[in-house]
Every structure is written in C-alpha cells, then in structure tokens.
Amino acid sequence: MTSTSSTTGARAHARSQAATAAVAEPDLPDGVESTRITFTQRIPGAGSANVVLGRGTRVRLADPTGAACAHLLLVRAEAPWERLNVADTVKVPWQAYLGDGHPLLSDQGRVLATVLADTSGRHDALCGPTAEARQLLCLAGAKHGLQPRDIGPTVSFFRGVRVESDGALTATGSAAAGASVDLLVHLPVILLVANAAHPLDDRAATDLDVVAWAAPEDLAVAHNTDPEYQRAVVNTERAWSAARTTEASR
Amino acid sequence: MTSRTTVLDEIVPARSPWSAVVAAGDQLEIIDLHGNQAVDCLLYSAADHTDRYSAQATVAAQRNIFLTTGSVLLTDTGTALMTVVADDVGNHDTIAGACSQESNTLRYGHHTRHQHACVENFLAAALHWGLGKRDLVSNINWFMNVPVEADGTLGIVDGLSAPGKKVTLRAEVDTLVLVSNCPQINNPCNGFDPTPIRMVVSR
C-alpha cells in the first residue's frame, strides 16, 4: 500500500511538498522598504506572469543570468480595449529603440508606462513574440478574461535587434547577466509577460525576475522633456482625473 | 500569356475608408493615382477574423522592416494572407502604424484632436464586418516611407511614389482587406494633400 492510497495519506503527502520546497525569488531592489513591495516572481524559461499593477507602481524586470527575454503587453485594467500600441510607441517619440525615458503608449494617446532605467540596452519593438511566447501571452491574458484578439503587438526586453540602412534586421544578443529595466506605471494596467526566445534569437530563455513596488513619487517627476511625451502625460492625467472625480472629493 | 478579368475597379476618395474580400488567387492592385498618397491597410483571413495580419510576424520572418516584391504578409499564427507580386516603389512601411485622433494630439498638438484620421476610418470599415477596436493592430502603410537611422531615429519622410505607381498583392487565402486612404495633413506621407486612389481586383 502506498502512502497516498487513502485521503489522509494523500493529503499529508500533498502538504509535505510545500514544506520541503524552495521557491526561487528575485533579488529585491536596494533602498526600497519591504512594505512597499507588491509583487515578486522569478519566471523560468517558457513561463509567464499576469498581474494588475496600480498607477504609481514601479516594476523592475531583470535578467539575472543573461538570457531572459521578456515579451511584454500592457492592457489598461479599467478599460481593456485600450492597450499598448507598439507602432505609436516607436513613431511618436521618433525612436525605434527602447531605452531610458521611452514611453510605452496606448492606442488612445496616453502613456501606460515609462522606461525609467535601463542597464541592458538590448530590446526590440519590431519583431514581436515567437509562436511559443504568443501562446503564453494568450493564456496569461485569458486569466483576465482577454481573448486572443486582445493580444496585440508586444515589445521584448533583454534581446536586442538593430535595423541596417536597407531595412534588414540583425539580432544583437543579450547584455551581461544582471541587466535590468524599470518601468513606471501611469494608469492601472494588466501586465502580461512571457519569458521565451526571440524570433531572431532562438536561445532558450533563462530566468526572468519581476519585482513591483509602490513609487507614487515617481509620477511627480518629469522623465522626458520631449513635447510628444509631455502631451501624452497631459492626456493621461486628464483621463485619470476625469474618471477619479467624485462628489465626496469636491 | 494569361489574360486576367477585372472583377472590381473602384476609386477611393481622398480621406475615405474602403474594404472588400479578395478571393484566394485574385490580385489586388493599389494604384497611387496622384502620387505620394499613403494607403493604410489591414488584412484578416475572411474565414477567421481572429487570424489577422501581424506586422511583427511579417517583419521577423523576412528579417527586414520594409515591404516590397516578394514580401509575404503573415498572421500571428503564420498564415500567408497575401504576397506582394509587383511593386513600382520598392519600399513600403509596416512599423509606423496608423494616425489616430489621439496620436495626432501627441505628434502635432491638441489642436488636431478633431481632424480626420486613419484609425477612425479603420473603425468605420471594421464595424461593417462585425469587427471592432480590439481587432485593430499594427498595419501596413503602402507608399509611405519610414526609414530607421543608425541611432534608432525613425520618422515619416517624403514618399518615393509618383502618379500612377502601384503595388500588386496576390491573395493566398480569401482575405478581408480594410483600407484607410490616409487623411493625414500634418506630415509628408501624403505630401500634405490627401488624394484619391484606385483599387482593382482581377482574376
């Protein structure tokens, strides 16, 4: 007779698993009080995460061992028909390559998130997900009631691509282990992220770390002086203020 | 020599939407009648509208951001919707997306909020087929010139087209084609003066 042949034995066996397991967790950011941290997860290759993040959240994506690839989609939590628009994200700032100060724009002329720090410099907004990564994003989105048609174009962090003068694309690989990117969330979003190979760089993905914490003070800082960015912030603040006005706050 | 039969021949006025299903094997010619007119375009499998054009899958598969003769226009799942079989221009955009009332406020200022824009045309065309906002994704801009410089700077610059130049697409499956004959007047994609185009389907 096995130990799991009875309900009590099966229960004891199941409960013993968590007691002996070790859960891999990301390193926490220096200088951030633990009480401010709202989400931490280490995502293995072929894994994904889905989480609603409030306005004023700072989220750090990190590549601890040097071959993560974070395929990212942002969907506005309160209005999921509004989502990351990758074309506007490169066209409006006149810049194809993601980096410090770059806005992740929605299809409604608002900034869903801003890249606040970047120690990698190897990112891509042109190639989108692999079939595997897209399937992971569809499943992650489904857990928030989203359908495959809601999974629009994505950006990828930690695997670089460059455009030659004739339009040809070259993969530029990953930065060294330990690279990270911080995003500041400007409106409540559903963050969907899949950790999987890049279409032009088929190396298997290694761990991806995601840590989020409350950083409302970052909303008060001008992170980019471009007029296009500042108008996006104006649009965003107007939408937030309009939706948040209540009788009690008069 | 095979002769082709015209099954559709329509003029799309300046600033207007247009849509049609192009049957597998048929060819669609998009003719830039007056030159320098951007034609924003989205494609869907007519049999399954969730199987739709993916600019990113297309760019990744051909390892190049420009569309021209030989480019296969793919969906997220790898379905070949259409193939560019002839091209008088040599360089069409698929990374810069469509103008919208909202993105115009970022690019040109809040005074442009109520101008005509492509996303509104796309929505009008999409609603006709039971599609909506969630079905709109990054599109193709026929005749629009968007270079990316070495430092990543990109932008819409003067076009390479001219009066009468055309691009020819062969449908690989029955394909729903949505077009916004771009109304943009604030950048050089239309030479600051939107003009009509001609759509010809032959079999």
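1. A pocket here is an open set of grid points with protein on both sides within 12 Å along at least five of seven lines, and its lining residues have an atom within 4 Å of a point. The model is predicted.

2. Take the second largest pocket. Its volume is about 200 Å³. The lining comprises 14 residues. Nearest the centre lie Asp27(A), Arg60(A), Ala62(A), Ser180(A) and Asp209(A). Three strands of chain A each give two or more residues to this lining: E3 (57-63), E11 (179-185) and E13 (208-214). By class, the count is seven nonpolar, two polar and five charged residues.

3. The largest pocket has a volume of about 300 Å³. Its lining has 24 residues. Closest to the centre are Pro129(A), Ser54(B), Gln56(B), Ala57(B) and Asp76(B).

4. Which helices each supply at least two residues of the lining of the largest pocket? They are H3 (131-142) of chain A and H1 (55-62) of chain B. H1(B) provides the largest share, with five residues. The lining divides into 13 nonpolar, eight polar and three charged residues.

5. Asp201(A) deserves a separate entry. This residue sits in the chain A loop that runs between strand E12 (189-195) and E13. Is Asp201(A) buried or exposed? Its relative accessible area is 10%, so Asp201(A) counts as buried, the cut-off being under 20%. Leaving aside residues up to four places away in sequence, Asp201(A) touches Arg159(A) and Gly173(A).

Technical notes:
Residues are numbered from 1 along each chain as its sequence is written. Chains are lettered from A and ligands numbered from 1 in the order in which they are written. This is a predicted model: local features need pLDDT of at least 70, side-chain atom pairs count only at pLDDT 80 or more; totals for chains, interfaces and linings use all residues. Side-chain values use heavy atoms; hydrogens and water are left out. On a 1 Å grid over the protein atoms alone, a cavity is a set of points where a 1.4 Å probe fits but cannot get out, and a pocket is an open set with protein on both sides within 12 Å along at least five of seven lines; lining residues have an atom within 4 Å of a point. Grid points are joined across faces, edges and corners, and a volume is the space filled by probe spheres set on the points. Helices (H or I, at least four residues) and strands (E, at least two) are DSSP runs, numbered from the N terminus. Ala, Val, Leu, Ile, Met, Phe, Trp, Tyr, Cys and Pro count as nonpolar, Asp, Glu, Lys and Arg as charged, and the others, Gly among them, as polar. Buried means under 20% relative accessible area, exposed over 50%, partly exposed in between (1.4 Å probe, protein chains only). Contact means heavy atoms within 4.5 Å.
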